[in-house]
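Student: Can you walk me through this one? Keep it brisk.

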2 protein chains.
Amino acid sequence: MSIYTPEWVKHAIFYQIFPDRFAIGNHPQQPLLKNPHWEDWNAPPTLQGYKGGDLWGVIEQLDYLQDLGIDTLYFTPIFQSTCNHRYHTHDFYQVDPILGGNRAFESLLNAAHQRDMKVVLDGVFNHASRGFFFFNDILENGPNSPWVDWFTIYDWPLSAYDGSLPANYKGWVGNRALPVFNHDNPDVREYLMQIAEHWIRVGIDGWRLDVPFEIKTEGFWQEFRDRVKAINPEAYIVGEVWRDARHWLDGTQFDGVMNYLFTAPTIAFVAGDRVAMDLVISRSYDPYPALTAPDYAQKIQALLDLYPWEIQLTQLNQLASHDTARLISIAQGDRASMALGTLLLLTFPGAVSIYYGDEVGLVGALDPDARRGFPAETEWDREVFDYHRELIALRKAHRALRIGTYRVLFAQGNGYAFARSLDDEEIVVAVNIGLESVKISLDLASLSSKSQPKQLVFGTAEMEFEPDNKAGTLTIDIPPRSGCILM
Amino acid sequence: MSIYTPEWVKHAIFYQIFPDRFAIGNHPQQPLLKNPHWEDWNAPPTLQGYKGGDLWGVIEQLDYLQDLGIDTLYFTPIFQSTCNHRYHTHDFYQVDPILGGNRAFESLLNAAHQRDMKVVLDGVFNHASRGFFFFNDILENGPNSPWVDWFTIYDWPLSAYDGSLPANYKGWVGNRALPVFNHDNPDVREYLMQIAEHWIRVGIDGWRLDVPFEIKTEGFWQEFRDRVKAINPEAYIVGEVWRDARHWLDGTQFDGVMNYLFTAPTIAFVAGDRVAMDLVISRSYDPYPALTAPDYAQKIQALLDLYPWEIQLTQLNQLASHDTARLISIAQGDRASMALGTLLLLTFPGAVSIYYGDEVGLVGALDPDARRGFPAETEWDREVFDYHRELIALRKAHRALRIGTYRVLFAQGNGYAFARSLDDEEIVVAVNIGLESVKISLDLASLSSKSQPKQLVFGTAEMEFEPDNKAGTLTIDIPPRSGCILM
């Protein structure tokens with residue numbers, strides 16, 4: 001079968017927002033808490049504290065995001081939830097009242113669409129919460145609940161809140177706070193499908209799917225895709241699958257996955273031995289051991305060979321997410337690692353996803369630290385912000401950076417270069433991860449572009465052109481721990 | 001100040017529906033449970049079992065109700081709840097999915113209004129449930145919850161489900177399943193006011209207020225009335241206050257209360273020593289000891305003297321409710337008690353409320369037994385149904401029975417008679433609660449009606465007219481345990 005993925009995603013710059021931590025609106029409408037007592041915005045995040053970010057705040061930051069070059073907002077869960085990260089869904093049809101409720105979301109969606117920005121929501125369809133109506137009814141009524149087959153109960157009475165007793169129902173990774181739906185129950189399946197359809201009808205532009213690999217019910221994700229695409233064929237469906245995702249990327253399920261297979265080698269390459277193992281070892285990706293350029297080239301080529309090109313172009317590439325530490329922290333504060341990673345991210349095929357705050361140098365160890373309050377402007381790392389904006393602008397200006405082919409040109413020691421080519425446009429990206437400058441020599445005959453010599457459009461490097469009896473050789477002398485773009 | 005109450009209520013026949021037990025729709029739309037396993041409809045109700053009644057079923061029974069003469073539906077709670085009686089509210093903005101959700105309610109409201117029927121909902125604003133979002137967030141996040149001031153917490157961690165520990169937060173009558181709102185919190189107050197406004201805007205015709213006496217926050221019910229009436233000045237507000245309700249019936253709060261001050265003496269009069277004490281002793285009304293006619297006259301006169309007449313006309317009079325045993329059961333099966341009580345109910349000033357099933361002779365001891373499934377037609381007591389329909393029709397045909405003055409004409413031994421008078425219309429109601437026939441003699445000079453002699457329009461009785469030098473005397477010979485209406 002031929003695979004079709006949404007065209008807009010191939011060109012998109014996503015911005016992942018953890019809503020409790022991005023912005024508090026100055027002009028919220030009808031908040032339920034008039035004088036809220038939030039956890040201090042700048043204090044280290046806690047597992048249970050709320051900092052009070054809301055969607056009114058996001059609306060007020062749309063100018064900022066658009067100026068940065070963002071065109072798609074991807075929110076971690078926004079539905080009513082009894083947890084600051086909102087993965088404990090309490091009601092799939094209500095936007096959390098702290099965030100401003102359905103009213104604020106409707107305003108946000110309108111405001112975003114008026115700016116040609118898209119909005120993707122996080123769909124948590126594997127599990128719910130203890131307060132979720134259909135589970136709570138079981139908790140309250142035991143075997144008398146009509147919803148008893150919506151979850152998997154092992155024993156009565158349920159032990160939902162007493163940690164000294166075994167959790168006698170199926171919770172995600174054994175967590176009794178996260179009762180897992182019985183997806184084999186056709187009523188549950190239909191209930192979840194209708195949620196997916198509802199929000200697509202409301203106007204969202206796609207679903208990011210939380211732990212979709214946990215749902216093993218035959219045909220579940222195929223039906224999900226069919227019903228979502230029937231309403232909006234251009235809706236984006238991206239799964240949280242950390243490793244080999246071929247099972248879900250056959251064209252009948254997801255348009256892409258969160259591309260940790262890009263994240264991990266990229267971090268291992270740019271940060272190398274700087275990687276703080278305690279910030280990565282417990283996660284489902286492997287940004288270690290340190291990779292040399294040939295190692296990196298091999299990993300990237302393997303990734304590019306793993307899925308069809310149509311899928312590659314709608315993968316969701318990121319350096320960090322709410323589920324990982326931030327690169328700047330993984331690299332133990334090494335700012336060059338962040339800069340190099342960002343360069344590789346912004347020049348890779350697939351949609352770019354920037355985790356809120358990464359663009360201003362926000363630090364963050366593992367959850368909950370990776371979910372800090374977005375810093376005040378006085379705290380921003382301006383250099384980080386500037387190269388983010390510059391690289392986003394370059395990517396948006398050049399289709400080859402988005403949908404052009406990816407071809408490794410050079411991979412030796414600390415030097416790595418590749419070309420992105422589309423039609424007559426060919427762009428070369430080169431990086432040096434080492435502490436010494438590196439000379440990368442490119443046989444110009446291997447490049448398809450006719451306009452020579454190449455011009456430096458990003459970064460600093462010395463270029464030297466040496467003619468020969470063919471097209472000649474271009475040597476790029478790259479300073480330590482830096483990268484550049486030539487076209 | 002002058003008191004104004006809704007005109008329509010003075011003429012209304014309410015029908016109180018316990019939605020889980022009235023009717024299951026044959027044609028539900030998009031139910032979430034395709035093959036539900038309900039508790040057997042005809043089995044004795046249990047505390048936690050659902051029988052699956054829904055609003056689609058109510059819609060299908062509107063012909064039946066209208067034929068009976070019902071013009072107002074009063075529902076015990078219909079909002080999403082984890083309890084079959086639905087007083088444990090889980091979401092005040094959602095009609096319970098078992099009932100058909102907001103969609104079914106919208107259809108019901110339209111169908112009812114098209115028939116000039118009104119709909120009154122039960123508002124439970126004192127407490128919520130453990131799964132209720134704002135409480136559940138406290139349960140999940142402890143002192144970190146932003147909603148912590150919405151309830152009254154004594155100690156951490158909350159012991160919400162472990163009966164072996166003290167319930168360390170305020171629950172209604174100490175019940176940890178029913179966390180009590182902190183009404184003194186302005187945010188909570190506003191939240192509840194908005195719920196009241198929302199459903200009035202949706203189109204409901206009034207609120208029945210559950211345990212309103214528990215809310216002692218200054219001005220709460222005054223604001224409630226003001227905000228509800230600002231949207232619909234004809235909306236009915238009726239409180240659940242079992243005894244002296246003068247505090248709430250000053251014209252600034254409720255239009256009426258559930259008139260157990262009528263219920264109790266009426267049962268004590270018509271059922272007398274037949275009253276099964278175990279079915280009444282635990283309740284907040286006193287349908288005992290047995291009353292003679294003079295006792296009853298005294299109680300009724302005291303009740304009529306208690307509140308302004310404008311309030312009397314919009315009291316909600318009933319013989320039973322979901323909170324009491326049914327009269328037929330209280331009277332240990334004595335059908336005459338039910339007939340006599342119904343006659344007195346249908347001829348008393350104030351709105352009439354018939355508890356679903358009473359009109360077909362459904363029995364029921366205390367909760368949960370008082371909440372049985374509405375019986376199949378083959379099980380109906382046709383005689384009971386016929387006198388209900390006949391008395392309702394008489395009441396609707398004669399304004400005097402609804403808004404005419406009430407004047408005791410005779411009260412001796414087992415005989416009791418009163419007149420309802422309006423303009424030129426005067427209607428006499430007479431009952432005999434004894435086991436022997438009773439002769440009630442009325443001095444016709446005391447009646448205002450000029451059309452003499454009176455005609456029997458309901459019941460059986462012998463009438464004898466004896467002229468004298470004034471208007472003469474009418475003697476009504478009433479068979480044992482019966483009553484009649486003359487006009």
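Tutor: We will take the sheets, then the charges, then the backbone. Keep in mind that this is a predicted model.

Student: Fine. What is the order of the eight strands in the open sheet of chain A?

Tutor: The order is E8-E7-E6-E5-E2-E1-E10-E9. The pairing is parallel.

Student: Which strands stand at the edges?

Tutor: Strand E8 (256–257) and strand E9 (316–318) of chain A. Each has a single partner strand, so one side of each is left without a neighbour in the sheet.

Student: How many bridges join E6 to E7 in chain A?

Tutor: Four. Strand E6 covers residues 206–209, strand E7 covers residues 236–239, and the two run parallel.

Student: And what stands opposite A:Trp207?

Tutor: A:Ile237, in E7(A).

Student: Next sheet. What about the open one with five strands?

Tutor: That sheet, also in chain A, has the order E11-E12-E13-E18-E15. Its pairing is antiparallel. The edge strands are E11 (405–412) and E15 (456–458) of chain A, and each pairs on one side only. From one strand to the next, the twist averages 25 degrees.

Student: How many bridges hold E11(A) and E12 of chain A in their pairing?

Tutor: Seven, in the antiparallel sense. Strand E12 of chain A takes in residues 415–422. As an example, A:Thr405 has A:Ser421 in E12(A) as its bridge partner.

Student: Switching to charges. How many salt bridges over all chains?

Tutor: The structure holds 64. One of the salt bridges links the side chains of A:Glu223 and A:Arg227, at 2.8 Å from N to O.

Student: Why are A:Glu223 and A:Arg227 about one helical turn apart?

Tutor: Because they are four residues apart in helix H6 (residues 220–231) of chain A. As for the pairing itself, side chains of opposite charge can pair when their charged atoms come close.

Student: Where do negative charges gather on the surface?

Tutor: Look at A:Asp443, A:Glu464, A:Glu466 and A:Asp468, which form a patch of negative charge there. A:Glu464 is found in strand E16 (residues 462–466) of chain A.

Student: Now the backbone. Cis or trans for the peptide bond from A:Trp156 to A:Pro157?

Tutor: Cis, with omega near -10 degrees. A:Pro157 sits in the loop between helix H4 (133–141) and helix H5 (186–202) of chain A.

Student: And from A:Tyr288 to A:Pro289, cis or trans?

Tutor: That peptide bond is cis, and omega is near -5 degrees. A:Pro289 lies in the loop between helix H7 (260–270) and helix H8 (293–306) of chain A.

Student: Last one. Is phi of A:Arg86 positive or negative?

Tutor: Positive, near 65 degrees, in a residue other than glycine. You will find A:Arg86 in the loop between strand E3 (79–81) and strand E4 (89–95) of chain A.

Terms used
Residues numbered from 1 in each chain as written. Chains lettered and ligands numbered in written order. Predicted model: local features only at pLDDT ≥ 70, side-chain atom pairs only at ≥ 80, totals over all residues. Heavy atoms only, no water. Pairing = 2+ DSSP bridges. Patch = residues over 30% accessible without salt bridge, like charges linked within 9 Å, V, L, I, M, F, W, Y side chains within 5 Å. Areas by Shrake-Rupley, 256 points an atom, 1.4 Å probe, with all protein chains shown as cover. Salt bridge = Lys/Arg side-chain N within 4 Å of Asp/Glu carboxyl O. Lys, Arg positive; Asp, Glu negative; His and termini not counted. Charge placed at Lys NZ, Arg CZ, Asp CG, Glu CD. Axes fitted to C-alpha atoms, helices over the stretch in contact; angles between N-to-C directions.
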